[in-house]
Amino acid sequence: MSMEIFPRHFLAWKECITKKCNINLTIEFIQKRIDALSDKDSSEHQRFVEMYGEHWTHTILNYLKQALDEKNVN
């Protein structure tokens, strides 16, 4: 059985972040994380890639962008 590091779908990830981790996905929080993970020269980006790989870095960045889109629609 394969163990995933992060949920494979946006809604599962969002529930994990907001309910289990108790992180409020504010626009400011989301934007800071997008900025950090988008900057390939940042230590945060490099550390994330080192810990979780390019695939998960890209996936989480997409989840964050989707969360930001949701905030901007509401």
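Colleague: What should I know about the model before reading it?

Modeller: The model is predicted, so local features need pLDDT of at least 70 and side-chain atom pairs count only at pLDDT 80 or more, while totals for chains, interfaces and linings use all residues. Residues are numbered from 1 along each chain as its sequence is written, and side-chain values use heavy atoms, with hydrogens and water left out.

Colleague: How many aromatic pairs does the structure hold?

Modeller: Rings of Phe, Tyr and Trp (its six-membered ring) pair if their centres lie within 6.5 Å; planes under 30 degrees apart are stacked, over 60 edge-to-face, and the rest tilted. The structure holds 7 such pairs. One of them joins phenylalanine 6 and tyrosine 52, edge-to-face, with 4.9 Å centre to centre and 65 degrees between the planes.

Colleague: Which parts does that pair tie together?

Modeller: Helices (H or I, at least four residues) and strands (E, at least two) are DSSP runs, numbered from the N terminus. Phenylalanine 6 lies in the segment before helix 1 and tyrosine 52 in helix 3, so the pair ties together parts 46 residues apart in sequence. Ring pairs also link Phe6, Phe48, Tyr52 and Trp56 into a cluster.

Colleague: Is phenylalanine 6 buried or exposed?

Modeller: Buried means under 20% relative accessible area, exposed over 50%, and partly exposed in between (1.4 Å probe, protein chains only). Phenylalanine 6, at 17%, counts as buried, and tyrosine 52, at 28%, as partly exposed.

Colleague: Where do phenylalanine 10 and tryptophan 13 lie?

Modeller: Both lie in helix 1, 3 residues apart, about one turn of the helix. Phenylalanine 10 is buried at 7%, and tryptophan 13 is buried at 4%.
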